[in-house]
Amino acid sequence: MATAGLGFEARRLIRGAASATLATSADGQPFASLVTPATAGDLTPLLFLSTLSEHTRHLKAEPRCALLVAGAAETANPQTAPRVTLTGLAEPVAEAEVVALKARWLARHPYAALYADFADFALWRIRPGGALLVGGFARATRLRLADLLPDPAAVAALAAAESEILAHVNADHPDAVAAIAQGLLGGGAGAWRMVAVDPDGCDLALGDAVLRLPWAAPVADADGVRAGLIRAAREGRAALHKGLSPQ
């Protein structure tokens, strides 16, 4: 697979992760902890961290860190699971960006609204420096930042169009969103909504449940999103019809 394709594979894993392992260090001693990431449009991992957590104290003193995300194993051997280790520098999100990026993080983790306004929590980002993609057993590739990150023009185009895309899809095509969530992604019945979109896919939510729809290939603009949703809705409806058809 070409390097660009490997970068897309890595991004799909990172954006689809509901949880990850954060590696920090203190006084030369490595430390690993569970975190719940989301991603900004440009793939920057977002973490909502408590000042009471040990890993937060570590990052304040030493921002160099790593984030490990893993997919499902292909066999009983856990080493067949695809995974990405992203390295970078952690920093608190600047005040001017907190509202927008916190909303994006909450779209991925809606259950966290219960503690989202606690004074001891703050939004952090990891500035990526590079990544190691392990596509499965004995399939490791180191990715440069240029190969890992999405196209900046596509990121900007979708950031500008996102609110309009979400409003249109949720108001005019709720049946398509439901077909994708239930037929294609295995979600339950209900009023699913599209809550975030980026060059690599989109997120659908129902209450605290969030499902990730990855595009078949990176998209560059709203037209690409439209095409991806049409394809996914068609596949979702076909799957639902097949499931309801007499055997």
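Which residue does Arg125 form a salt bridge with? The partner is Glu91, with the closest N and O atoms 3.9 Å apart; a salt bridge here is a side-chain nitrogen of Lys or Arg within 4 Å of a carboxyl oxygen of Asp or Glu. Arg125 sits in strand β7 (residues 121-136) and Glu91 in strand β6 (residues 83-92), so the pair ties together parts 34 residues apart in sequence. Arg125 counts as buried at 6% relative accessibility, while Glu91, at 27%, is partly exposed (buried is under 20% relative accessible area, exposed over 50%, partly exposed in between, with a 1.4 Å probe and protein chains only).

A word on the model: it is predicted, so local features need pLDDT of at least 70 and side-chain atom pairs pLDDT 80 or more, whereas totals for chains, interfaces and linings use all residues. Numbering runs from 1 along each chain as its sequence is written, and side-chain values use heavy atoms, with hydrogens and water left out.

The whole structure turns up 15 salt bridges. Arg104 and Glu162 meet in one of them at 3.1 Å, N to O. Both residues are buried, and they belong to a salt-bridge network that also includes Arg11 and Asp198.

On the strand side, β1 (residues 20-26) runs antiparallel to β2 (residues 29-35), joined by seven bridges. Strands (E, at least two residues) are DSSP runs numbered from the N terminus, and two of them pair if DSSP finds at least two bridges between them. β1 and β2 make a hairpin with two residues between them, and Asp27 in the turn has a positive phi of about 55 degrees.

Conventions. Helices (H or I, at least four residues) and strands (E, at least two) are DSSP runs, numbered from the N terminus.
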